[in-house]
Amino acid sequence: KRRTFLQLSSAALIGMGNRSSEPAYRVVSAYKPSPQPGMPGPFPGQVVSVRSAKCIDEVKDEVNAAVVREMMGRGMQQLTGESTVLRAWQRFIAPDDVVGIKVNCVGRPKVVSSPEVIAEIVRNLTELGVKPGQICIFVRFAERLYEMNYGQHLPKGVQIHGAEFTRGSIRNYDPATYVEVDFFGEDDTRSEMIAMISKFTKIINIPNMKDHGAAGVTGCLKNIAYGSFSNMDRSHRFRQTHTYSFVGRLAAVEPVRSRTVLQIMDGLRGVWHGGPMTIN
């Protein structure tokens, strides 16, 4: 079943569970909150959903980029109350910003942050005056990112960055920014932030509708939290999970929290139980 919609918000919401049963988290970061922090943003708790039965040709299984453009523009105006799409984007992004776009490629090739959605975001950013070289598509696992070949849909100069080329590689993580916690007696108890994130002044988060055995769904908070740190899937083992509290702790680490200013949930395609592996 297709879920042909986009959801836009400035906040990312998730239940934190029972705090009394949380593990002992140690958060280390030297970054200070931005003067105008992202989450929960200027429209806390507000989510706009836009739908169209025409966004995908179900016979050819092709996304209609023109309909996606209309949906995203309509959603941005509804979220902000602005009279034009450009003014709506100006509520979040300025021409001098360095913008990271956090995608999800786990369910490739179909259930991903759609190239058409990413292309429309980048088009709006450049319309604002953001130069392509100031825009970076990023995610943890490089091989998944490069398989998607987002670059063919984007202007020349947009950066494509994957932190890990093999699971466990650490060279593109920041050893001074991390969450330390021992869940199940694992050897490595630290989850370090992707180093590239420190270069962004704003982050746009693009999760897609996808189930997850431990979190229930890969929503906005999980996509930006699990997808921005190393060594995070250790939080769930068999039937035991600390995923809810871990997701909340990771997403609250600076500069991730302050610089994530816009969430756009891509529901053009979705997957539920029985689909691809669902680790960011």
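Trainee: Let me start with Thr 80: does that one count as buried or exposed?
Mentor: Thr 80 counts as buried, at 10% relative accessibility. Keep in mind that this is a predicted model.

Trainee: Where does Thr 80 sit?
Mentor: In helix 1, which covers residues 65-80.

Trainee: And what does the side chain of Thr 80 reach?
Mentor: It reaches the backbone nitrogen of Glu 82 at 3.2 Å. A polar atom of the Thr 80 side chain also lies 2.8 Å from the backbone oxygen of Met 76.

Trainee: Which residues is Thr 80 in contact with, leaving aside neighbours within four places in sequence?
Mentor: Those are Phe 43, Ala 88, Arg 91 and Phe 92.

Trainee: OK, zooming out. How many helices and strands does the chain have?
Mentor: Seven helices and 16 strands. The chain has 280 residues, and 55% of them count as buried.

Trainee: What about the accessible surface of the chain?
Mentor: That comes to about 12,500 Å², with 51% of it belonging to carbon and sulfur atoms.

Trainee: Let's go inside. How many residues are in the largest nonpolar core?
Mentor: It has 44 residues. Trp 89, Ile 101, Ile 121, Leu 125, Ile 137 and Tyr 150 have the most contacts inside it. Apart from that one lies another core, of 29 residues, with Phe 183, Ile 197, Phe 246 and Leu 250 among them.

Trainee: Take Ile 137, then. What does it touch?
Mentor: Not counting residues up to four places away in sequence, Ile 137 touches a list of residues including Ile 101, Val 122, Leu 145, Tyr 150 and His 161.

Trainee: Now strand 11. Which way do its residues point?
Mentor: Strand 11 runs over residues 202-205. Lys 202 and Ile 204 point one way, Ile 203 and Asn 205 point the other way, and all are buried.

Trainee: And which strand does strand 11 pair with over four bridges?
Mentor: Strand 6, residues 99-102, in the parallel sense. There, Gly 100 stands opposite Ile 203. Strand 11 also pairs in the parallel sense with strand 16, residues 260-271, over three bridges. In that pairing Ile 203 stands opposite Thr 260.

Trainee: Why does Ile 204 count as buried?
Mentor: Because its relative accessibility is 0%, and buried means under 20%.

Trainee: What does Ile 204 touch?
Mentor: Leaving out residues up to four places away in sequence, its contacts include Trp 89, Val 99, Ile 121, Leu 125 and Leu 262. The C-alpha atoms of Ile 204 and Ser 10 are separated by 9.4 Å, though these two are 194 residues apart along the chain.

Trainee: Is Gln 152 buried or exposed?
Mentor: Exposed, because its relative accessibility is 59% and the cut-off for exposed is over 50%.

Trainee: How far apart in space are Gln 152 and Pro 115?
Mentor: They're 9.1 Å apart, C-alpha to C-alpha, and 37 residues apart in sequence.

Key: Residues numbered from 1 in each chain as written. Predicted model: local features only at pLDDT ≥ 70, side-chain atom pairs only at ≥ 80, totals over all residues. Heavy atoms only, no water. Core = buried A, V, L, I, M, F, W, Y, C linked by side-chain atoms within 4.5 Å. Buried < 20%, exposed > 50% of the residue type's maximum accessible area, 1.4 Å probe, protein only. Contact = heavy atoms within 4.5 Å. Helix = DSSP H or I, 4+ residues; strand = E, 2+ residues; numbered from the N terminus. Pairing = 2+ DSSP bridges. Areas by Shrake-Rupley, 256 points an atom, 1.4 Å probe, with all protein chains shown as cover. Polar contact = N/O pair within 3.5 Å; in protein donor to acceptor, adjacent residues only side chain to side chain.
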